[in-house]
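This report goes through selected features of a single structure. The sequence and the model come next.

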Amino acid sequence: MRIRYFFISLAFLLVTALSITSLLAFYYRSERLSSLDDQIRESATSIVDSRISEIKNADYSQANSIISDELGPDRIGKFFIIRTDDGEILFQTESIRLLGVQVPRTPQWVSIDYEDKLIRVLNLKLPRVPNRTLQVGLVTDSNFLFWSTLTSRTIMWIAVLLAVLFVITLSLSRTLFAPVRQVGRYLKDAQNSLEMGRDVPPLPEDFKRYMRERRLSKYDEFAELLIGIQQLGTRVNLNTKFTRSWTFQMAHELKTPLTILNRDLEDLAKKHQFSQQEVDEVNVSMKRISTTITNFLNWADVASTQTPTNLHVIRIGTVLSELMMGWNKISDGRLAVTTDVDFQVMCNPFHLSHLLDNLVSNALKYASPGPVKIHLKDHVLEIVDQGEGIPNDVLERIGSPFNKGPSTRGNDTGSGLGLAWVQTIVDLYGWKMRIHSTAQGTTVEISFPNLSVTT
């Protein structure tokens, strides 16, 4: 849209410039022509009032003498012809005779283009001799009226004019579309917030200025658009709030029936002598439901937290060591930890432990049987696996709950809450997470702030 507006504006400015140039050229030509005509008219009036009409024959010396006496220096550049109604030329000045141009007797004003010359002629009847016509004319360069040649200087000015028009159009398009670009960025941020389970952010302060200016004009379309976006964001946040509260309540309500079902299952198994395999299958399904609900409530609790609490300064290497025992049970020796630099992190210890456990456990469970490497370097945690990679559609929606791709290894036991929980923790503390995933494996990097610098 911006490019289209740019070209439309540029075309409009070019047409305007050409129209003004044409108008000025027309005015310039009219004024020049009027100036020529005034000179010719004055000379013709003087000659008509002179004794030249008394000349009976082609007496050149007498005619030239009369013209010189009447006009003096004003005769220079002009020519004079006296002819009969039959077309016989009784007298003509040397300049027009040498040009060899046939000058018509009608209409009253005649313009003749001859090579690179412009010949302007006034035809008048001599009042004292009815059968004679006086033709008074002026020979000038054709460029006197018309711009017919392009010089290097002219081309330079045309180029400068085009450059100025281009810059003006570019500036106009950038200035006029700056608020539209702001709206686009805001809507993109709002979309990301919704995908991550957050509220739509409020309108920036710059937008409120446009909305205040609406009082100056009742029909400010941009202000109306901003008001509509603001109202839509408010309604979305309100609906999200109600939906989130209902979802939390439903999740809590499901915990109690699950506990009762576990107890009843034990009683039914003893009463009806269910096989242990049947009991285990039901327990696995119920445990999966319970785990999903617990994970959702944990994610929802963190997602609704605005400011972290229970902060401690802990070494990430210490947390890794505490978690290694549980990881070793499922790693089959595939887990390798290397530490270049151990560093401190300020956070809730539970959040950091849960974040590490989610990332490493997922890499061990859902990656290929290849090694999983944990690397600690300068305030960066790097986890590398050799799995099948994370699908692009999942990566695009990182932070959304229940966001998971199809498993090709039959391990479809995840709820899609792990990465959402990790992203929520990262955002809560202002950490930075980068995920690079291909068909040969996935690398997750989390950058932590340098506490020695921040303090």
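## After helix α8

D332 follows α8 and has a positive phi, near 55°. Helices (H or I, at least four residues) and strands (E, at least two) are DSSP runs, numbered from the N terminus. The model is predicted: local features need pLDDT of at least 70, side-chain atom pairs count only at pLDDT 80 or more, and totals for chains, interfaces and linings use all residues. Residues are numbered from 1 along each chain as its sequence is written, and side-chain values use heavy atoms, with hydrogens and water left out.

## Helix α8

At M324, α8 bends by about 45°; this is the angle between axes fitted to the seven residues ending there and the seven starting there.

The buried residues of α8 are I316, G317, V319, L320, L323, M324, W327 and S331. Buried means under 20% relative accessible area, exposed over 50%, and partly exposed in between (1.4 Å probe, protein chains only). These buried residues of α8 pack against β6 (312-315), β7 (335-339), β8, α9, β9 and β10.

## The nonpolar cores

A nonpolar core is a set of buried Ala, Val, Leu, Ile, Met, Phe, Trp, Tyr and Cys residues joined through side-chain atoms within 4.5 Å. The largest one has 37 residues, of which W327, L352, L355, L356 and W431 touch the most other members. Two or more residues come from each of α8 (316-331), β8 (344-347), α9 (349-366), β9 (372-377), β10 (380-385), α11 (418-429) and β12 (441-447). Apart from this core lies another, of 19 residues, including V48, I67, F80 and L134.

Leaving out residues up to four places away in sequence, L356 touches I316, V319, L320, L323, W327 and L381. Contact means heavy atoms within 4.5 Å.

## Paired strands

Strands β6 and β8 run antiparallel and are joined by four bridges; two strands pair if DSSP finds at least two bridges between them. C347 in β8 is the bridge partner of H312. The covered face of β8 holds V345 and C347, while Q344 and M346 are on the uncovered one. In a regular strand the side chains alternate between the two faces of the sheet.

β11 (residues 432-438) and β12 are also antiparallel, with seven bridges. A hairpin of two residues connects β11 to β12, and S437 stands opposite T442 in β12.

## A buried serine

S43 belongs to helix α1 (residues 2-48). S43 counts as buried because its relative accessibility is 3%. Not counting residues up to four places away in sequence, S43 touches L71, D74, K78 and V136.
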